[in-house]
Amino acid sequence: MSLYRDTGVVLRVHKLGEADRIITFLTRRYGKVRAVAKGVRRTTSRFGARLEPFGHVDVQFYTGRTLDVITQVQTVDAFALPLVGDYQRYTAASAIAETADRLTVEEGEPAMRLYLLVVGALRALADGQRDASLVLDAFLLRAMAFAGWAPAITECARCGLPGPHTAFNVQAGGLLCGNCRVPGSVHPAPEVLVLLESLLHGDWDVAEASVAGTRRDASGIVVAHLQWHLERQLKSLPLVERRAKELQPGK
């Protein structure tokens with residue numbers, strides 16, 4: 001018997017037969033792992049509730065012929081509990097999980113940085129102190145950086161000339177200077193570019209000071225850039241509610 005253990009986040013679940021499920025994890029040491037949870041759909045299952053999407057768990061696997069088998073599960077963080085009752089946070093978490101799943105094509109390949117990004121984003125959503133839309137966009141930008149697709153925000157994507165520049169083209173990789181600008185480029189407001197840079201680098205004071213229109217425009221650029229590189233639309237993104245968190249009185 002070959003056993004191994006890791007900490008991971010549940011990205012998605014699929015039914016298998018009458019009582020089992022296939023669980024897809026993003027783990028700390030082994031990257032993406034797909035494994036069977038036997039009998040998990042029965043009411044008598046010992047760990048069925050721990051293997052729901054967004055769960056952060058310590059899990060033991062038995063190496064199988066085709067798919068590994070889950071033998072033990074312990075909850076590390078119950079992120080799902082505060083997320084499932086809030087539509088905005090739930091849909092943002094769904095987009096995070098789907099993006100992570102799509103960015104880890106090869107199973108068993110370590111993806112520590114992406115794992116940490118997912119855990120951090122889900123923790124921020126579950127905590128509820130930051131705007132869910134900003135958390136999602138920050139995650140998407142950093143996940144694209146992990147994949148080597150980070151948009152050029154402070155320099156020209158083609159020649160590297162330092163900005164500021166005014167033209168942004170998804171196909172070209174981000175901002176373009178006057179010499180490299182191509183037809184079809186958009187011209188985001190300067191504050192949109194400031195927001196994108198603050199989200200990429202974790203400057204939350206600047207990000208949270210942005211207004212709704214700026215956040216909406218920045219989200220559009222982030223999503224367009226991501227889906228251009230993925231080459232198809234994520235199913236969860238159209239469901240995300242882009243509603244700015246209400247400011248507290250006096251802020």
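Mentor: Start with accessibility: buried means under 20% relative accessible area, exposed means over 50%, and partly exposed is what lies in between. Keep in mind that this is a predicted model.

Trainee: OK, where does Glu107 fall, buried or exposed or partly exposed?

Mentor: Glu107 has a relative accessible area of 41%, so it is partly exposed.

Trainee: Which residue does Glu107 form a salt bridge with?

Mentor: With Arg34; their closest N and O atoms are 3.8 Å apart. Glu107 sits in the loop between α2 and α3 and Arg34 in strand β3, so this pair ties together parts 73 residues apart in sequence. Arg34 is at 27% relative accessibility and therefore also counts as partly exposed.

Trainee: How many salt bridges are there?

Mentor: The count comes to ten. One of the ten pairs Arg29 with Asp6, at 3.8 Å from N to O. Arg29 is in the loop between β2 and β3 and Asp6 is in strand β1, so parts 23 residues apart in sequence are tied together.

Trainee: And the accessibility of Arg29? What about Asp6?

Mentor: Arg29 is partly exposed, at 46% relative accessibility. Asp6 is buried, with a relative accessible area of 4%.

Trainee: What does Arg12 form a salt bridge with?

Mentor: Asp101, and the closest N and O atoms are 2.5 Å apart. That pair links distant parts of the chain, with Arg12 in strand β1 and Asp101 in helix α2, 89 residues apart. Arg12 counts as partly exposed at 30% relative accessibility, whereas Asp101 counts as buried at 11%.

Trainee: Which residues are joined with Arg12 and Asp101 into one network?

Mentor: Lys32 is the other member: salt bridges that share partners join Arg12, Lys32 and Asp101.

Trainee: Switching to the fold. What do the strands close into?

Mentor: Five strands close into a barrel, in the order β1-β2-β3-β5-β4, and the pairing is mixed. On average, neighbouring strands of this sheet are turned by 50° against each other, direction ignored.

Trainee: Take β4 and β5. How many bridges join them, and do they run parallel or antiparallel?

Mentor: Seven bridges join β4 (residues 56–62) to β5 (residues 68–77), and the two strands run antiparallel. For a specific pair, Asp58 has Gln74 in β5 as its bridge partner.

Trainee: Where does α2 lie?

Mentor: Helix α2, residues 87–103, lies across β1 (3–16), β2 (20–27) and β3 (31–37), and runs at about 110° to β1. Helix α3 packs on the sheet too, touching β1, β2, β4 and β5, with its direction at about 65° to that of β1.

Trainee: At what angle do α3 and α4 pack?

Mentor: About 180°, for α3 at residues 112–127 and α4 at residues 132–147, with their axes 10 Å apart. Angles over 145 degrees count as roughly antiparallel, so α3 and α4 are roughly antiparallel to each other.

Trainee: Which residues make the contact?

Mentor: On α3 they are Arg113, Leu114, Leu117, Val118, Ala121, Ala124 and Leu125. On α4 they are Ala132, Val135, Phe139, Arg142, Ala143, Ala145 and Phe146.

Notes
Residues are numbered from 1 along each chain as its sequence is written. This is a predicted model: local features need pLDDT of at least 70, side-chain atom pairs count only at pLDDT 80 or more; totals for chains, interfaces and linings use all residues. Side-chain values use heavy atoms; hydrogens and water are left out. Axes are lines fitted to C-alpha atoms, for helices over the stretch in contact, and angles run from 0 to 180 degrees between N-to-C directions. Helices (H or I, at least four residues) and strands (E, at least two) are DSSP runs, numbered from the N terminus. Angles under 35 degrees count as roughly parallel, over 145 as roughly antiparallel, 65 to 115 as roughly perpendicular and the rest as oblique. Contact means heavy atoms within 4.5 Å. Two strands pair if DSSP finds at least two bridges between them. A salt bridge is a side-chain nitrogen of Lys or Arg within 4 Å of a carboxyl oxygen of Asp or Glu. Buried means under 20% relative accessible area, exposed over 50%, partly exposed in between (1.4 Å probe, protein chains only).
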